[in-house]
Amino acid sequence: MAEDREPRIVGFLCNWCSYAAADLAGMSRFHYPPHLCAIRVPCTGRMNPLFVMSALRRGADAVLIAGCHPGDCHYVSGNLTARRRFSVFRSLLEFAGVEEGRLNLTWISAAEGKRFASLSTQLTQRAKELGPYKGMLRKRIGV
Amino acid sequence: MRQAARRLLEENTVNLVIGYAWGTLPLRTAPFFARTPAEADRLVYNSLCENNLVKYLLRYSKEKLGLVVKGCDARSLVVLLRENQVQRDRVHIIGVPCTGVIDRRKVMELVDGQEVTGAEVTVEGIVVRGEGFEKDIKTDEVLCVSCRGCKYGTPVLYDTLVGEEVRAREENFGDIRAFEALPPSEREAYFAQEMAKCIRCYACRNVCPLCYCTECFVDSSRPQWLSRRPATADNFFFHLGRAYHLAGRCVDCGACARACPVGVDLMKLNRKLIKDAKDLFGYEAGLDPGQPSLLSTFDPNDPERFILGG
């Protein structure tokens, strides 16, 4: 695997806000790097930490989970439980040696196309600085 | 203990008492199922009783049981009650105040891996014997990592308490704090070494009273989350996943680590989550059956300093 390859970022975007924000960013012709691969989820509350580990296991260098701002969840509190789960999981991954910054959570409302564009830029930058993820989840057999 | 079990069986309060009896090897006790008062005389309790018998509650759900539980086991039973996995009136809890469980690996280290052919429990600890040696070991020297900072030696929930209540130890997450202070690369290297040992026998999952899913994520084939082979990466995936599934539920009984045939340091991950639950949310599992679960509830003011872009 080439050392200088472009980063791969998997973004889990909430159907009701962040995914719409990504649409808005596109429709508004905002420029942002093309590294983020968007996966639509019904709510950040749908997020399973196994999704994140699978993404890292199968080639992602960074993961973004984006949902509605606290209080704006379509399902009332999905994002708030997601926040709690995420803080526990993030801390666990870091403890086990996955660098800080590989796993990210943010809130982007459907009206914040600009914020989506700027955060993807910021995240791509961060992922470039971190370099390809070569941690343990990516290890091959016998290594 | 024997008296209590005998009485329960004689009075027909229960028709089965699950406790411990001496195993076939020195330093080992095994789960023991007493159905008659005479069988109850074979029960023992000491610092070598390492299994968490609460696991059996799930399997013997039809009978009225008497169950021997230590402090930590009682907490795992509380978690099961909270999750509606067992009915409180089906079980008569025989609580035993516990001063800590011995880690056999540490005993083996102290005798330089020589074969132990006999062991005897004393008040202070154990005496182990082998060919040409005899060693007196204090329990405190060989305690499991979870027991060293155990605050709940006396069961939080019981119907009969056998013995005197024990003093709570001071909480001790020193091992986790020290590990957190290491640079990420060293932490990863440590886990890489631990995960390489794992043979994926799933003993840790199978002895855990709180791992009761009918289909575990490792067995699922649609989707297949991880490969069946015991490769380091997949082992890591499994252990992270399992640890996370126990977040806010694990009561630090250490049964998984003791069941591990290759000595993977499982409690590092579990204890980290216990410490986080405490530090971030002030949450301790297994103290009250009415307690809400950690990860399916929230507080609008939960910490979120990690949010990208503020």
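Helices (H or I, at least four residues) and strands (E, at least two) are taken here as DSSP runs, numbered from the N terminus. The structure is a predicted model, in which local features need pLDDT of at least 70 and side-chain atom pairs count only at pLDDT 80 or more, while totals for chains, interfaces and linings use all residues. Residues are numbered from 1 along each chain as its sequence is written, and chains are lettered from A, and ligands numbered from 1, in the order in which they are written.

Most residues other than glycine have a negative phi, and most peptide bonds are trans. In the loop between helix H8 (184-197) and H9 of chain B, Tyr202(B) has a positive phi near 65°. A residue is termed buried if 20 or more other C-beta atoms, placed from the backbone, lie within 10 Å of its own, exposed if 12 or fewer, and partly exposed in between; Tyr202(B) therefore counts as partly exposed, with 17 C-beta neighbours inside 10 Å. Asp252(B), in the loop between H10 and helix H11 (255-259) of chain B, also has a positive phi near 65°, but counts as buried because it has 25 such neighbours inside 10 Å. A cis peptide bond, with omega about -5°, joins Arg222(B) and Pro223(B), and Pro223(B) is found in the loop between helix H9 (203-207) and helix H10 (232-245) of chain B.
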